[in-house]
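Please walk through this structure one part at a time. Keep the sequence and the model side by side.

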Amino acid sequence: MVPGGIQEDDANMDAAAQRARVAGLFDQLSPGYDQNGVPWFTPIGARLVELTAPRPGDRAIDVGAGRGAATFALLEAVGRLGHVTAVDLSSAMLDLLRSAAHERGITNLDVRVGEASPEHLEAGPFDALTASLVLFFDPEPDLTFGRWLALLRPGARIGLSTFGPTDEAWTAAEAVLLRHAPPALLDARTTGRVGPFASTGSMATLFQNAGATDVTSRDDPLEVTLPDAAAWRSWTMTLGLRQLWEAVPSDQLDGVLAEVSTALEADRGDDGMLHLTQQVRYTTGSAGTLARTD
Ligand SMILES: C[S@@+](CC[C@H](N)C(=O)[O-])C[C@H]1O[C@@H](n2cnc3c(N)ncnc32)[C@H](O)[C@@H]1O
């Protein structure tokens with residue numbers, strides 16, 4: 001059970017309580033987050049920064065920075081003359097990011113716990129903003145995205161990664177877990193597949209409604225290679241998907257595992273490994289005239 005109790009009816013929780021629960025989830029996930037050797041957050045963060053295209057010398061912000069998958073790529077892109085602010089609701093994720101930055105001798109990084117909005121963050125205006133796999137955890141994605149954009153100067157670059165579809169076998173495996181999802185769960189697999197997250201077109205609309213220009217949205221495939229369903233469970237227990245596993249009643253877990261295993265077999269290749277494909281959605285644009293000018 002994650003802190004905050006995922007069996008509660010989220011629909012009755014206010015936005016602040018829902019964000020506190022997301023912070024609690026990632027505080028809990030932080031020690032094992034991105035540590036099990038599956039190339040996932042790092043290639044997604046790197047591709048996001050590449051497509052966002054910040055320039056050397058930029059002041060950039062990485063929202064929902066976590067352990068730094070996009071932050072370190074941003075630091076590379078802005079170079080020593082640039083600066084990066086990393087913001088996250090989870091203090092435990094940011095403690096690990098701070099240590100990793102210290103080990104690398106990085107001095108042009110600020111790390112801030114909390115929300116990224118003009119009320120919560122004095123820094124800015126920024127020249128570039130990234131948020132890799134973050135916004136679908138927010139209870140008010142349109143409002144929150146608007147607050148992020150209020151931190152930018154006109155013309156600043158914006159890049160978000162979210163998820164497109166998974167392949168058929170992966171989708172079938174997750175469908176087994178989704179049967180147990182608590183109502184109104186904030187997650188890539190629930191809120192992250194509807195509304196603004198439903199398609200490249202709806203992501204482009206999210207950007208345009210917030211006043212962004214030069215908007216593009218695309219899905220790029222990312223393959224994950226694993227030996228079996230047990231490895232898929234171990235890996236997904238280190239992701240937001242852990243919320244779905246933890247919602248399965250303990251007396252039904254063996255049955256769910258068996259169903260997941262059967263579903264994933266459709267992705268077994270001639271090399272004996274499971275080859276799972278996730279489309280990763282990258283949406284980029286430039287801040288319009290609503291952005292900050294100070
Ligand atoms: C899936 S992780 C992604 C972390 C990192 N960007 C990466 O790609 O590895 C989502 C992160 O977003 C943070 N988060 C979720 N909602 C947020 C919000 N509204 N503001 C700031 N951080 C948020 C979580 O605490 C978590 O660390």
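The buried residues of α2 (41–52) pack against α3 (71–78), β4 (126–132), β5 (152–166), β6 (213–226) and β7 (274–286). Packing here means contact, with C-beta atoms, placed from the backbone, within 7 Å. Helices (H or I, at least four residues) and strands (E, at least two) are DSSP runs, numbered from the N terminus. This is a predicted model: local features need pLDDT of at least 70, side-chain atom pairs count only at pLDDT 80 or more, and totals for chains, interfaces and linings use all residues. Residues are numbered from 1 along each chain as its sequence is written.

Which residues of α2 are buried? They are Ile-44, Gly-45, Leu-48, Val-49 and Thr-52. A residue is buried if 20 or more other C-beta atoms lie within 10 Å of its own, exposed if 12 or fewer, and partly exposed in between. Seen down the axis of α2, the buried residues fall within an arc of 130 degrees, so they line one face of the helix. The arc is that of the directions from the helix axis to the C-beta atoms. Just after α2, Ala-53 takes a positive phi of about 60 degrees.

Now turn to α8 (residues 229–236). Its buried residues are Trp-232, Arg-233 and Thr-236. They sit on the same side of α8, because they cover an arc of only 100 degrees around the axis. Their cover includes β6, α9 (242–246) and α10 (253–264).

Next comes the nonpolar interior. A nonpolar core is a set of buried Ala, Val, Leu, Ile, Met, Phe, Trp, Tyr and Cys residues joined through C-beta atoms within 7 Å. The largest one has 58 residues, and Leu-74 and Leu-129 have the most contacts inside it. α3 gives the most to this core, with 6 residues. Apart from it lies another core, of 8 residues, among them Ala-169, Trp-170, Val-260 and Leu-274.

Finally, look at the ligand. Of the 28 residues around it, Phe-41, Gly-64, Gly-66, Ala-69 and Ser-90 come nearest. A residue counts as near if its C-beta atom, placed from the backbone, lies within 6 Å. α1 (15–29), α2 and β2 (83–88) each supply at least two residues of this shell. The largest share, 4 residues, comes from α1.

Glu-140 lies in the loop between β4 and α5 (141–149). Is this residue buried or exposed? Glu-140 is exposed, with 12 other C-beta atoms within 10 Å. Glu-140 and Ala-15 are 125 residues apart in sequence, but 7.4 Å apart in space, C-alpha to C-alpha.

Terms used: Contact = placed C-beta atoms within 7 Å.
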